[in-house]
Amino acid sequence: MIKVNQNIQNLKPSATLAINQKVVALREKGETIFHFGFGQSPFPIHQSIVNALKDNATNNHYLPTIGLDVLRNTIAKFLEKHQGIKAESDFIYIGPGSKELLYQTILILDSTFLIPKGSWVSYGPQINSKNGDYVILETSLKNNFKLTSDTLSAYCEANPNLQKALILNSPNNPTGAVYTDEELEQLAVVCRENDIIVLSDEIYSQINFNEDFSPSISKFYPEKTIVFGGLSKVFSAGGYRLGFMSLPKDLQFLHNTYRSMFSETFSAVSSPIQFAAIEAFKMNDDIKKQIKDCSAILKGVSQYIALKLKEVNIECTEPQGAFYMMIGFNNFKEQINTMGINTSTQLANYLLDNFSVALLPSSDFYFQKEELFFRLAFVDFNGEEVLRAYRNNSSIDANFIKKFCSNIFGGIDKIIKFIKHLS
Ligand SMILES: Cc1ncc(COP(=O)(O)O)c(C=O)c1O
């Protein structure tokens with residue numbers, strides 16, 4: 001009998017993974033699937049970043065464990081200029097994706113992690129893998145599932161003695177919500193009163209539908225906010241696997257701990273990728289324009305979807321950034337329950353089997369399993385073609401979506417058909 005670490009063995013494949021695998025299998029069989037499940041940037045990586053990668057392809061050296069100095073300096077400048085964050089380059093760390101850096105941070109901190117309902121799938125399993133503790137803080141549709149300072153404060157009052165670490169993600173996966181300065185300032189007050197460490201996941205910062213970048217809680221609570229970011233979303237380079245984190249004053253005593261952890265695990269991020277990342281974070285005007293155009297496209301697509309779904313009384317978060325929104329069928333709960341469907345996972349499977357629509361159940365995002373909310377990712381289109389068309393035309397309406405984002409158009413139509421078939 002081979003013994004296995006039970007914390008790891010108890011990790012279950014998420015419903016997300018199962019739905020995605022089902023979509024792949026159905027597509028391989030030649031079926032048309034309207035895939036609102038997968039959240040990867042559809043846009044091309046900017047040519048200047050690709051060129052930098054090519055130019056450095058022969059570099060076969062191990063680089064410094066925490067990353068190239070010049071890259072860390074470039075990111076410090078990027079954070080200041082393009083994200084409004086003051087960071088010290090000495091305390092910026094490069095890792096193979098922000099996911100790994102979040103994980104190493106979770107391993108290092110002996111805290112109870114606070115996760116707002118409506119957060120990324122991986123935080124919980126990462127904490128479970130070390131047998132750590134986390135609690136879900138309640139949020140509601142009426143403010144786009146954003147954590148309020150009152151909820152945070154009430155939790156802290158009831159649990160005064162724990163060392164707490166809040167995981168805050170804005171723009172948010174799965175809700176598409178962006179916290180305002182005012183909301184972050186109020187949260188910061190509670191965090192300071194209660195000495196909370198904040199893991200601020202800002203991987204979608206510049207994919208913001210109204211501003212160049214999204215507000216950061218580090219502006220109001222610089223001393224204990226760790227900021228995470230990377231190439232994956234903003235620069236459409238998830239497969240490059242490069243992320244960064246910026247360690248604040250009160251946590252800089254962990255510098256050597258991170259260095260040791262990195263050197264004992266992944267050693268250093270791939271050398272050519274680090275050089276390519278320098279080009280990305282320099283953020284030349286053309287890269288900046290591309291990010292702006294891509295955000296405008298995502299805004300147009302998301303607004304079309306929200307409009308169409310709200311017309312038939314489907315609940316919807318207001319999309320403000322990232323690639324996602326949450327939609328809900330709770331107004332139709334009775335009819336759905338009479339079909340023998342009681343959970344979001346059951347309904348996700350039903351929609352895939354009967355309407356060829358793939359949505360992710362909210363139970364993977366820390367909702368109760370009976371809450372009929374789903375994550376809808378609106379990136380199932382050819383980003384290169386859509387970007388070209390947008391640049392020629394610059395208005396995104398139903399005709400544009402029908403022509404260039406036919407899977408989105410068709411999928412929304414299917415969801416509406418499902419609602420009509422209920423009544
Ligand atoms: C909210 C959130 N945080 C972090 C990540 C991880 O990104 P990376 O590719 O930098 O590991 C993702 C990727 O899906 C994400 O959606």
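Buried or exposed: which is Phe 145, and how many other C-beta atoms lie within 10 Å of it?

Modeller: First, the ground rules. This is a predicted model: local features need pLDDT of at least 70, side-chain atom pairs count only at pLDDT 80 or more, and totals for chains, interfaces and linings use all residues. Residues are numbered from 1 along each chain as its sequence is written.

Phe 145 is buried, because 25 other C-beta atoms lie within 10 Å. The cut-offs: 20 or more other C-beta atoms within 10 Å of a residue's own means buried, 12 or fewer means exposed, anything in between is partly exposed, and C-beta atoms are placed from the backbone. Phe 145 sits in the loop between strand S4 (133-137) and helix H7 (149-158). Helices (H or I, at least four residues) and strands (E, at least two) are DSSP runs, numbered from the N terminus. The backbone of Phe 145 stands out too. Its phi is near 60 degrees, a positive value in a residue that is not glycine.

Met 283 also has a positive phi without being a glycine, at about 50 degrees. Its loop runs between helix H10 (271-282) and H11. Met 283 counts as partly exposed, because it has 19 C-beta neighbours inside 10 Å.

Other loops hold buried residues. Take Phe 36, in the loop between strand S1 (34-35) and helix H3 (47-55). Phe 36 is buried, with 29 other C-beta atoms within 10 Å. Leaving aside neighbours within four places in sequence, its contacts include Val 357, Leu 359, Leu 376, Ala 377 and Phe 378. Contact means C-beta atoms, placed from the backbone, within 7 Å.

Ile 207 is another case, in the loop between S6 and strand S7 (225-230). It counts as buried, with 24 C-beta neighbours inside 10 Å. Its C-alpha atom is 7.9 Å from that of Lys 233, 26 residues away along the chain. Beyond its neighbours within four places in sequence, Ile 207 contacts Pro 171, Lys 233, Val 234, Ser 295, Leu 298, Gly 321 and Ala 322.

The peptide bond from Ser 170 to Pro 171 is cis, with omega near -10 degrees. Pro 171 lies in the loop between S5 and helix H8 (181-193).

Now strand S5 (residues 164-169). Six of its six residues are buried. Lys 164, Leu 166 and Leu 168 are buried on one side, and Ala 165, Ile 167 and Asn 169 on the other. S5 runs parallel to strand S3 (residues 112-116), joined by three bridges. Five bridges join S5 to strand S6 (residues 197-201), also in parallel. Two strands pair if DSSP finds at least two bridges between them. Ala 165 is the bridge partner of Phe 113, and it stands opposite Ile 197 in S6.

Next, the core. The largest nonpolar core has 128 residues; Val 198, Val 301, Leu 376 and Phe 378 touch the most other members. Such a core is a set of buried Ala, Val, Leu, Ile, Met, Phe, Trp, Tyr and Cys residues joined through C-beta atoms within 7 Å. Helix H11 (residues 285-311) gives the most to this core, with ten residues. Domain 1 (6-44 + 286-422) and domain 2 (47-283) both contribute, so the core lies between them. Those bounds come from an automatic or database domain assignment. Beyond its neighbours within four places in sequence, Val 198 contacts Leu 166, Leu 168, Cys 191 and Ile 217, among others.

One more sheet. Four strands form an open, antiparallel sheet in the order S9-S10-S13-S12. Its edges are strand S9 (315-316) and strand S12 (360-361), each pairing on one side only. Inside, five bridges join strand S10 (residues 324-328) to strand S13 (residues 373-377). Tyr 324 has Ala 377 as its bridge partner in S13.

Last, the ligand. It is surrounded by 13 residues, the closest being Gly 97, Ser 98, Lys 99, Gly 230 and Ser 232. A residue counts as near if its C-beta atom, placed from the backbone, lies within 6 Å. Ser 98 and Lys 99 are among the buried residues of H5. Helix H5 (residues 98-108) is mostly covered, with eight of its eleven residues buried.

Technical notes
Two residues are in contact if their C-beta atoms, placed from the backbone, lie within 7 Å.
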